[in-house]
Structures are given as structure tokens and as C-alpha cells.
Amino acid sequence: MNTPADPSDITILVVDDEEDVVEMVSHFLEEAKYKVKKAYDGEEALAKATPGTNVILLDIMLPKLDGIEVCKQLRSRISTETIPIIFLTAKTEEEDQIRGLMAGGDNYLMKPVSSEVILAHVKTALRLSGIRERRFIEINNLKIYEDEHRATIANQDIGLTETEFSLLLYLVRHPLKAFSRKQLLETIWEDAMMVTERTVDAHIKNLREKLGDFARHIQTVRGVGYRFSQEAEEVG
């Protein structure tokens, strides 16, 4: 069973003796909203590979303790034996790949490798370990969780109804496009023939109340209907 998690709740340990490599990899992981821990030698890697670490990106050529030995020791500990380990190394010989995988590595990536490929392998490792990243749209402090049909502001659930959620998601997915009440009725309501356009106004009003200050992003377009804009509408 997969456990849903925000990327910000996921911790990746990056281990490499080259500081520029650690910083580069850490940067794009942090851009993807992951938490990152850094280690520059084998002993530091063992110290920082604590329970709660979700994936380890591990170089082989490390001072004090090489990556192969680090991997073996991590696999021998009950607290770290199941953490996914992805070797990220300049060692390209087939023998090195076999040694890494036989030591307990889950995958083996050879430098140079793009950030997109590394991220794809991290996401795969998370999924195989039972962690499913939540899909969400984030705008300032608003998060819209598509799979869970809910939204939060400053990490507090705002209690949207199914219809309010559908309205918000639809408008956010089409920024700056103005929709008439009729268009929204036909898109959001299954029984559009049974409700009036004023129903849209009532749901927009309720949605705005729950959004608080963020309600200024749901704008009224005179003579048309409603739209979403990342530029908040001035009030007062």
C-alpha cells in the first residue's frame, strides 16, 4: 500500500566528495521541493543516513570509507536496511556496477547524467519503497491536491465541498481565461439542466469565503463570468 506524502516531507541524502556535485544535485532536488541532507565522506554518510531518510544518492569514490562499504553497512543495519540507495558515480566499468548492485544498491547511475534522469530514478525509488508523492498545484500558500480533492492554505485544510473544489481546480487550470456561468455549469455540474446560473454565483461566493485573502484571485469579469488570475484583484 502506497503512503501519500508531500515532496517537502521526503528527505534525500546526497553523498559525494566533490562539493560542486553535491551542491548541483541538491539544488535541483530542492527545486523539486525535497528536503536534502549532504555528506562528503563515507563516515559522514553513515552518520546522516538515519531513519526518516527516504533515498540515498551515493558516490563510490569517497574518503574515509568508500561507497561500496557504506552501502554494505547500511544494509546490515535494521534501521537503514530498506532505504533505497542509488549509486551516482563516475566509475563506469561493468565490474563496478556489479559490485555496487551486489553490495545492496538499488540502482546505478553513471556520471555525467542529467537532473531529469536523476529525478526520475528518485521518484521510481520512492514509489517502489511504498511512498506515493501527492500531486498538487501550489500557488503562494495555496495547495490544491488533485487526487485527494482537497485544498489547503498555509497547510490548513479549508473544507471545500466537491463542487467548490471542482470550480477552483477548473479555474486554476485555465488562468486568465474568463468563463461564463453557463460554461461553468455545463463543465462542473452533471445535472446542469436542473440548476440555474445563480447557482454558480452562490458556489463562487462560498468558495471565496473559504479562500479568505486568496479569494482576490477569483475575479469577476463583468458581462462574462469568472476567471482565475495569479495577480490578486485590488479591493477597497
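1. A word on terms before the sheet: two strands pair if DSSP finds at least two bridges between them. Please keep in mind that this is a predicted model. With that in hand, look for an open sheet of four strands, ordered E8-E9-E10-E11 and paired antiparallel. Strand E8 (136-139) and strand E11 (156-157) are its edge strands, each pairing on one side only.

2. Inside that sheet, strand E9 (residues 142-145) and strand E10 (residues 150-153) run antiparallel and are joined by four bridges.

3. Next, a helix pair. The axes of helix H7 (residues 181-188) and helix H8 (residues 197-211) cross at roughly 85° and come within 9 Å, which means that H7 is roughly perpendicular to H8. On the H7 side, Arg181, Lys182, Leu184 and Leu185 meet Glu197, Val200 and Asp201 in H8. By class, this contact has three nonpolar, no polar and four charged residues.

4. Finally, helix H1 (residues 19-31): its 13 residues reach 18 Å from first C-alpha to last, close to the 18 Å expected at 1.5 Å a residue. Which residues of H1 are buried? They are Val21, Val22, Val25, Ser26, Phe28 and Leu29. Their cover includes strands E2 (11-15), E3 (35-39), E4 (55-58) and E5 (85-89), along with helix H5 (115-128). H1 is followed by Lys33, which has a positive phi, near 80°.

Conventions
Residues are numbered from 1 along each chain as its sequence is written. This is a predicted model: local features need pLDDT of at least 70, side-chain atom pairs count only at pLDDT 80 or more; totals for chains, interfaces and linings use all residues. Side-chain values use heavy atoms; hydrogens and water are left out. Helices (H or I, at least four residues) and strands (E, at least two) are DSSP runs, numbered from the N terminus. The expected span of a helix is 1.5 Å times one less than its number of residues. Buried means under 20% relative accessible area, exposed over 50%, partly exposed in between (1.4 Å probe, protein chains only). Contact means heavy atoms within 4.5 Å. Axes are lines fitted to C-alpha atoms, for helices over the stretch in contact, and angles run from 0 to 180 degrees between N-to-C directions. Angles under 35 degrees count as roughly parallel, over 145 as roughly antiparallel, 65 to 115 as roughly perpendicular and the rest as oblique. Ala, Val, Leu, Ile, Met, Phe, Trp, Tyr, Cys and Pro count as nonpolar, Asp, Glu, Lys and Arg as charged, and the others, Gly among them, as polar.
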